[in-house]
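Look over the sequence and the model, then read on.

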Amino acid sequence: MTIQNLGSKPTLVSLLGNDVVAATGVGSAIDLQGKEGSGAFILTAEAGGSGITYAVKITECATSGGTYSDVTDGAFTTTGANTALVEKIALNVSDLKRYIKVSTTVAGGTGAGALAVVALLGTKY
C-alpha cells in the first residue's frame, strides 16, 4: 500500500511510547474514531542485547476491552539479535476496527532495548 492523501490534517499518535522493553507485552488501546484513509505506522527499535529479538505487530478490536486480533499486514519485521531497526508499514485506517493496540513479543537471550511505535493518521473532516 502506498501512503497517499494525508493532506493537511494528519495526526501523530503514539501507539507505544519510547521505553525500554525487556518482556512481552501489549500497549494501551488507541481509539481510531475520527481517523480515516492511509496511515503510516513507524517502529524504531534499539539493539536489545545478545540474542534479543522483538516481534511487533498491530492488533485490532471493535471494543476497547474486547479480544484483539492481528491486523492483516500489520506486523513489522522481527528484529535480528542485537540489531537496531527502523521500519514503516502502511495500513488503510478506514479498513481497521475502531480500536488498535501494539503487541510486542520479546525472545532470545537477556537484555533490553528501547522501542517506540508511532503513527501518522489522516483525520476526518
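The radius of gyration is taken over C-alpha atoms, and the globule rule is 2.2 Å times the number of residues to the power 0.38. This is a predicted model: local features need pLDDT of at least 70, side-chain atom pairs count only at pLDDT 80 or more, and totals for chains, interfaces and linings use all residues. Residues are numbered from 1 along each chain as its sequence is written, and side-chain values use heavy atoms, with hydrogens and water left out.

Q: What radius of gyration does the protein have?
A: The chain has 125 residues. A compact globule with that count would have a radius near 14 Å. The protein agrees with this, at 15 Å.

Q: How many helices and strands does the protein have?
A: Helices (H or I, at least four residues) and strands (E, at least two) are DSSP runs, numbered from the N terminus. Along the sequence the pattern reads β-β-β-β-β-β-β-β-β. The count is 0 helices and 9 strands.

Q: Is S28 buried or exposed?
A: S28 sits in the loop between β2 (25–26) and β3 (30–31). Buried means under 20% relative accessible area, exposed over 50%, and partly exposed in between (1.4 Å probe, protein chains only). S28 has a relative accessible area of 55%, so S28 is exposed.

Q: Which residues is S28 in contact with, leaving aside its neighbours within four places in sequence?
A: Contact means heavy atoms within 4.5 Å. With those neighbours within four places set aside, the contacts of S28 are I100 and K101.
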